[in-house]
Amino acid sequence: MQVPLIQLQCGKVGHESAAAKYAAATESSNLSIEREKPYKQLWMGTHPSLPSKDVQTQRSLLELVQDNKALMSTEISRKYGEKLPFLFKVLSIRKALSIQAHPNKKLAEQLHAKDPKNYPDDNHKPEMTIAVTPFDGLCGFRPLKEISHFLANVPSLRSLLGEEAAQQFEEGVSGREISSGAADTQRNKSSLQSAFSALMTRDKSTIAAAAKELVASAEKDGENFAGGGGPSNGGKELADLVIRLNGQFEGDVGLFVLFFLNYVKLEVGEAMFLKADDIHAYLSGDIIECMASSDNVVRAGFTPKFQDIPTLTSMLTYSYAPISEQKMDPVDYPYVTLNRTAYSSSSSAILYDPPIEEFSVVKTQLNGNEAKATFEAIEGPSIIICTAGSGTISVGPKKEQVKAGHVFFLGATAECVLESDSESFTTFKAFCELSGKETANGVR
């Protein structure tokens with residue numbers, strides 16, 4: 001399958017970009033990777049903005065599944081308007097992506113009706129991120145005690161927020177930071193929303209002046225920056241982050257937002273799930289991303305693009321928790337059979353299963369020549385991308401060669417066999433199955 005590639009400023013350049021390398025691997029893509037050009041995203045799916053194409057016929061995947069509803073199953077085709085319910089991506093990030101959130105379904109419908117230029121569809125966009133290379137980002141609000149710590153130990157942050165707003169936050173959450181009571185939680189969220197909104201609505205000249213003070217402190221204080229950091233991040237780590245991000249977006253409000261959000265690092269294979277209305281900003285790394293099929297983004301920082309600060313500050317969940325609560329716990333995928341070679345070489349098929357019905361992802365790692373994985377048929381469509389090594393994919397009598405970057409669509413009810421002909425053959429399979437969606441405990 002030929003997949004489209006978006007070329008944007010914030011992507012990795014040339015052959016550093018996994019998205020570019022994977023796209024160029026498809027023989028008919030006619031993509032010549034330019035050394036200094038940034039490549040950010042590889043899209044796989046039926047989203048009308050950039051639908052994937054059949055390599056042989058050049059027909060879009062959107063056309064194919066609309067002409068033959070059995071490819072997705074009648075139930076999925078009917079429920080999701082004859083489009084894949086998920087959008088599968090590879091992101092290659094060198095420069096920070098915008099501080100953003102994706103709207104829930106009701107808000108997406110309202111935004112699309114009011115402003116279709118900036119909100120191009122009416123769907124929600126929960127998403128899951130799986131690290132292909134080491135990744136870092138800002139995801140979800142920090143525990144409240146950490147935010148209070150930074151307000152007390154980062155003078156430029158407190159000054160920018162304003163003494164009254166800072167005190168109101170501290171008094172509003174004091175003694176209730178870790179309470180699980182409904183009334184306390186709601187009061188905490190209200191205090192957090194007020195403080196965060198105060199930060200985001202400061203004028204640019206005031207932010208720029210405060211940013212100079214913040215960066216000077218980061219350069220001077222090192223390990224002692226931000227009161228030595230919080231429980232989650234050391235002072236030197238935060239100082240380096242401020243300096244790095246200021247080099248990309250000088251004087252941006254995002255330099256202060258990082259004290260409100262969890263700074264997370266993912267190692268290869270680690271994953272996290274973001275619900276609709278959860279705030280985040282991806283900073284660097286190559287990732288596999290799967291989401292509900294939407295391109296709606298509400299932005300407010302680290303971007304020259306359209307920003308909608310009133311919508312962002314009003315839509316967020318304002319849930320606050322350690323990043324460990326957003327990280328996923330993948331499990332063995334129960335509907336695959338590994339042959340003896342695969343078992344003896346510690347091959348694996350791991351399921352990442354978020355709490356939504358639109359998608360799940362299986363990462364398959366086949367170690368050694370002739371290691372084989374046979375996937376049971378499911379009542380829904382799949383898209384498979386190879387990210388490393390080489391091998392074959394078979395459906396019935398049809399067998400195709402696979403190498404890094406090759407992408408295949410697999411129709412509903414088709415049994416699939418992957419077989420390695422290299423030392424290590426890695427694939428990711430995104431799929432949807434409504435009836436008895438696989439869960440983390442293997443129950444259908």
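Q: Is the crossing of H7 and H8 left-handed or right-handed?
A: The model is a predicted one. In it, H7 and H8 cross in the left-handed sense.

Q: Why is H7 called roughly antiparallel to H8?
A: Helix H7 (residues 163-173) packs against helix H8 (residues 182-200) at an angle of about 165 degrees. The label applies over 145 degrees. Therefore H7 counts as roughly antiparallel to H8. Their axes are 9 Å apart.

Q: What makes the contact of H7 with H8, by class?
A: Six nonpolar, three polar and two charged residues. From H7 come Ala165, Phe169, Glu171, Gly172 and Val173. H8 supplies Arg187, Asn188, Ser191, Leu192, Ala195 and Ala198. Gly is classed as polar.

Q: Why is Leu214 called buried?
A: Its relative accessible area is 0%. Buried means under 20%, so Leu214 qualifies as buried. Leu214 lies in helix H9 (residues 204-221). Setting aside residues up to four places away in sequence, Leu214 touches Val154, Ser156, Phe225, Val242, Leu255, Phe256 and Phe259.

Q: Why do strands S14 and S20 stand at the edges of their sheet?
A: The open sheet has five strands in the order S14-S17-S22-S19-S20, with antiparallel pairing. S14 (336-338) and S20 (398-403) each have a single partner strand, so one side of each lacks a neighbour in the sheet. On average, neighbouring strands are turned by 20 degrees against each other, direction ignored.

Q: How do you know that S19 and S20 pair?
A: Pairing needs at least two bridges. S19 (residues 390-395) and S20 have six, in the antiparallel sense. Ser390 stands opposite Lys403 in S20.

Methods
Residues numbered from 1 in each chain as written. Predicted model: local features only at pLDDT ≥ 70, side-chain atom pairs only at ≥ 80, totals over all residues. Heavy atoms only, no water. Helix = DSSP H or I, 4+ residues; strand = E, 2+ residues; numbered from the N terminus. Axes fitted to C-alpha atoms, helices over the stretch in contact; angles between N-to-C directions. Buried < 20%, exposed > 50% of the residue type's maximum accessible area, 1.4 Å probe, protein only. Contact = heavy atoms within 4.5 Å. Parallel < 35°, antiparallel > 145°, perpendicular 65-115°, else oblique. Left-handed = near helix turned anticlockwise from the far one by under 90°.
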